[in-house]
Amino acid sequence: MNLTLRIWRQKGPGIPGELKTYKVEGILPDMSFLEMLDTLNEQLIGLGEDPVAFDHDCREGICGMCSLVIDGRPHGKDPLATSCDNRMRRYKDGDTITVEPFRARGFPTVKDLVADRSAFDRILQAGGFVSVNTGSAPEANAAPVPRHKAELAMDAASCVGCGACVAACPNASAMLFVAAKISQLALLPQGGPERERRALAMMRRHDKEGFGNCTNEGECEATCPKGVKLSNIARLNREFLRASLRTPVE
């Protein structure tokens, strides 16, 4: 299979970039999208050109490191899949594919298809740790958790922090990410002691990093490779309001 690729090339932060066109040959249907980019890079290196920079790590849809906008859609056309999960069998010989980085004020482009998503790390850092008792491990059933709450917490914890929700949102909002991280702790008794402080600190950091607010567009849920639900943002709003009312004004 031979393809035409239109790929965003940018030499560094703050340097103007542009879409460049490449021809890539010999792509097999069972290749992943990242393996297709590997093939392109082998061709570029063979020609003495700079290979295309892109993020990747596990290549199994687990870590959320890959961050490509493929034909205008974060992570490509396959639902509930990361960029590395996309298989080239979805394309036909002669297709043209446009590949860009995640774009948002909070995700500045580092080089080519690599975006700096360290803002998510700083939001998590603002949330801090949960209190735990030191000493021997507690008995497993000492803090019973209703089954429906345990399942909702597990669903929220499936967020891998890839940032597709930000790239898809017209407001570049990261509220689905923040909502997932707050929900997974707010639903469990272990997250109770720092509940108010966590909600206020993470949202304060979210705003400081330049992410927009949620206006219920829904693109984040539609794009999320792990299927994190928009209802988590409703829970985040309740947690934030609760914390605002219970915390003295500084």
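Guide: Let's start with Arg-147, which counts as exposed at 66% relative accessibility. Here, exposed means over 50% relative accessible area, buried means under 20%, and partly exposed is in between, using a 1.4 Å probe and protein chains only. Before we go on, you're looking at a predicted model, where local features need pLDDT of at least 70 and side-chain atom pairs count only at pLDDT 80 or more, while totals for chains, interfaces and linings use all residues. Residues are numbered from 1 along each chain as its sequence is written, and side-chain values use heavy atoms, with hydrogens and water left out.

Arg-147 has a salt-bridge partner, Glu-151, and their closest N and O atoms are 3.2 Å apart. A salt bridge is a side-chain nitrogen of Lys or Arg within 4 Å of a carboxyl oxygen of Asp or Glu. Both residues belong to helix H3 (residues 147–157), four residues apart, or about one turn of the helix. Helices (H or I, at least four residues) and strands (E, at least two) are DSSP runs, numbered from the N terminus. Glu-151 is partly exposed, at 41%.

The structure has 15 salt bridges. Another one joins Arg-9 to Asp-50, with the closest N and O atoms 3.8 Å apart. Arg-9 sits in strand E1 (residues 3–9) and Asp-50 in the loop between helix H1 (33–46) and strand E3 (68–70), so this pair ties together parts that are 41 residues apart in sequence. Arg-9 is buried at 12% relative accessibility, whereas Asp-50 is partly exposed at 42%.

Next stop: Arg-198 and Glu-194, a salt bridge whose closest N and O atoms are 3.7 Å apart. Arg-198 is buried at 3%, and Glu-194 is buried too, at 12%. Elsewhere, salt bridges with shared partners link Arg-9, Asp-50, Lys-111 and Asp-112 into one network.

Now for the cysteines. A disulfide is a covalent bond between the sulfur atoms of two cysteines. The cut-off used here is a pair of cysteine sulfur atoms within 2.5 Å, and a search of the whole structure turns up zero disulfides. Take Cys-66: the closest cysteine sulfur is in Cys-84, 3.8 Å away, which is too far for a bond. Cys-66 is buried, at 3% relative accessibility. For Cys-169, the closest cysteine sulfur belongs to Cys-220, and 6.5 Å is again too far for a bond. Cys-169 is buried at 15%.

Arg-73 is partly exposed, at 32%. Setting aside residues up to four places away in sequence, Arg-73 touches Leu-68 and Ala-222, where contact means heavy atoms within 4.5 Å. Arg-73 and Cys-214 are 141 residues apart in sequence and 19 Å apart in space, C-alpha to C-alpha.

Last, a look at the backbone. Most residues other than glycine have a negative phi. His-75, though, has a positive phi, near 75°. This histidine, His-75, is in the loop between E4 and strand E5 (96–101), and it's buried at 0% relative accessibility. Leu-80 lies in the loop between E4 and E5 and has a positive phi as well, near 55°. Leu-80 is exposed, at 60%.
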